[in-house]
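User: Hi! I'd like to go through this structure with you and ask how each label was reached.

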Amino acid sequence: MIGQQFLSYAWLILSAFKTTIALAFAGFFTATAMALLLTFSMVWGPRWLSTAIDWLCRVLRGVPLILALFMVFYGLPRLGIRLPPFYSAVIGIAVVDAAYQQQIFYSAIKSVSEKQLEAAYSVGLTPWQAY
């Protein structure tokens, strides 16, 4: 009886699983692109931009994901921006995840010491290859 009941909902569960996987991948890749943009702007941009990005990421890392999702899903329509639920979820996940990923990328770049950079330049590496 229970197995029969489960089978009747199996298509719904598989559909939800497919949507969850698509949402996770879309959110992760969007967050990675945003985090790289924020990191490069923070490392090689002007000081005022670096400070603004640092504070923005500190605030976003403190915001629970569910609150970010609610703010995007219910807050943007109040501003006149209407998005489908899937895109709202991707944006909410990406914004919060980008704040965490930005800190990881920033720490990775800043962990390379000046002596290591000097050694890389001395053997003919470009700045992009040195990092």
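User: What pLDDT does the protein average, and how many of the residues, in percent, score at least 70?

Analyst: The protein averages a pLDDT of 91, and 98% of the residues score at least 70; pLDDT is the predictor's confidence in each residue, from 0 to 100. This is a predicted model, where local features need pLDDT of at least 70, side-chain atom pairs count only at pLDDT 80 or more, and totals for chains, interfaces and linings use all residues. Residues are numbered from 1 along each chain as its sequence is written, and side-chain values use heavy atoms, with hydrogens and water left out.

User: Where is confidence lowest, and where is it highest?

Analyst: Helix 6 (residues 127-130) is lowest with a mean of 80, while helix 4 (residues 85-110) is highest at 95.

User: Why is Thr-39 called buried?

Analyst: Its relative accessible area is 0%, so Thr-39 counts as buried: the label means under 20%, with exposed over 50% and partly exposed in between (1.4 Å probe, protein chains only). Across the protein, 24% of the 131 residues count as buried.

User: Which residues is Thr-39 in contact with, leaving aside neighbours within four places in sequence?

Analyst: Thr-39, in helix 1 (residues 2-44), is in contact with Gln-102, Phe-105, Tyr-106 and Ile-109. Contact means heavy atoms within 4.5 Å.

User: What makes Tyr-106 partly exposed?

Analyst: Tyr-106 has 21% relative accessibility, so it counts as partly exposed. This residue lies in helix 4 and touches Thr-39, Met-42 and Val-43, not counting residues up to four places away in sequence. The C-alpha atoms of Tyr-106 and Leu-38 are separated by 9.0 Å, though the two are 68 residues apart along the chain.

Note on methods
Helices (H or I, at least four residues) and strands (E, at least two) are DSSP runs, numbered from the N terminus.
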